[in-house]
Amino acid sequence: MTAPTVALDPQRVLIAMPGCDTATMRLAIPLRAELGHAAVTRFPDGESYVRLYTPVHGAEAAIVCTLDRPDEKLLPLLWLAIAARQGGARRVGLIAPYLPYMRQDVIFNAGEIRAAEHFAALLNPVFDWLVTVDPHLHRISHLSEVYRVPTVAVEAAPAIAEWIQTHVQAPFLIGPDEESRQWVEQVAGMCGAPWAALTKTRHSAWHVEVAELPNIPPRCVPVLVDDIISTGRTMLAAAGLLQRAGKPQPVCVGVHAVFAADAYSQLCAASAEVVTCDTIPHPSNQIALTGPLVDAISRMFDLPLPLSKQMLV
Ligand code: R5P
């Protein structure tokens with residue numbers, strides 16, 4: 001007996017940037033999309049080379065590229081999107097589970113730039129839509145303030161809440177700073193758990209202080225929840241505050257496993273467990289977001305074509 005085959009939708013092509021093959025395959029199956037084949041390499045002089053082998057003429061194409069370490073990925077990503085446009089794709093979308101530069105959302109000191117806006121300005125001309133997961137929306141309150149294309153920001157909160165409910169008994173959720181309040185409050189509401197947000201002072205990338213630990217009932221397990229773990233110093237400072245108050249080591253839950261330098265090993269040593277969503281491949285990934293990503297990408301594939309494009313098809 002032969003296994004039933006799932007018909008592919010010839011109109012949908014997902015192309016993986018290097019490092020995103022597994023994530024792309026996971027998305028392609030439920031989307032019934034063809035896996036595109038592309039070469040993304042460098043010339044000996046360091047210039048980027050791309051070649052798109054899969055025909056995309058008339059297709060809904062999307063490139064999967066999580067954008068941690070963005071500077072080295074950006075140019076080949078733009079080249080690949082241009083190759084798909086040149087190949088006649090009906091639309092070219094970007095699936096970037098981690099969207100970078102969103103924390104540079106204001107000019108703090110004279111001479112700096114608001115990089116979130118300028119990073120978006122590089123992507124806007126070559127992509128027709130963007131799907132991401134929990135972008136760091138703080139002083140920029142919606143992606144449409146900087147992205148000029150349709151966007152969907154998938155929320156990790158339901159999956160995080162489910163993980164906490166099945167893995168932690170009597171959780172007490174803590175957001176390490178004011179910015180994390182929005183995620184912690186949402187996740188806590190879904191878990192029916194008590195929560196609080198600390199106050200943070202960041203002196204530099206690697207020097208962070210937090211204060212105002214709430215009263216945590218004796219049998220509760222502290223669960224730190226934040227969107228990005230980069231240097232890990234925010235979570236480490238919160239874990240230190242808990243330790244000084246004689247509380248148990250926390251479970252640390254982050255959406256995006258950026259983990260610069262020694263962040264992961266330091267955090268593992270200071271906590272009961274470190275868990276992240278699978279937006280950036282990392283050993284700490286335990287929370288899969290394939291389902292909500294597939295829903296968001298389907299919506300983008302099914303968007304009606306804008307009039308300007310309809311005239312070209
Ligand atoms: C910023 O406010 C974010 O929500 C995170 O708290 C921050 O990005 C964590 O950064 P780090 O791990 O470098 O302390």
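**Exercise 1.** Determine how many residues surround the ligand and which are the closest.

*Solution.* The model is a predicted one, in which local features need pLDDT of at least 70 and side-chain atom pairs count only at pLDDT 80 or more, whereas totals for chains, interfaces and linings use all residues. Residues are numbered from 1 along each chain as its sequence is written, and side-chain values use heavy atoms, with hydrogens and water left out.

**Exercise 2.** Divide the shell around the ligand by residue class.

*Solution.* With Asp, Glu, Lys and Arg taken as charged, Ala, Val, Leu, Ile, Met, Phe, Trp, Tyr, Cys and Pro as nonpolar, and the others, Gly among them, as polar, the shell contains eight charged, five polar and two nonpolar residues.

**Exercise 3.** Find the distances from ligand oxygen atoms to lysine 200, serine 230 and threonine 234.

*Solution.* Polar contacts are pairs of N or O atoms within 3.5 Å. For lysine 200, a side-chain N or O atom is 3.2 Å from a ligand oxygen; for serine 230, a backbone N or O atom lies at 2.8 Å from one; and for threonine 234, a polar side-chain atom lies at 2.5 Å.

**Exercise 4.** Locate the salt bridge of arginine 12.

*Solution.* Requiring a side-chain nitrogen of Lys or Arg within 4 Å of a carboxyl oxygen of Asp or Glu, the search of the whole structure finds 12 salt bridges. In one of them, arginine 12 meets aspartate 302 at 3.3 Å, N to O.

Note on methods. Near = heavy atom within 4 Å. Polar contact = N/O pair within 3.5 Å; in protein donor to acceptor, adjacent residues only side chain to side chain.
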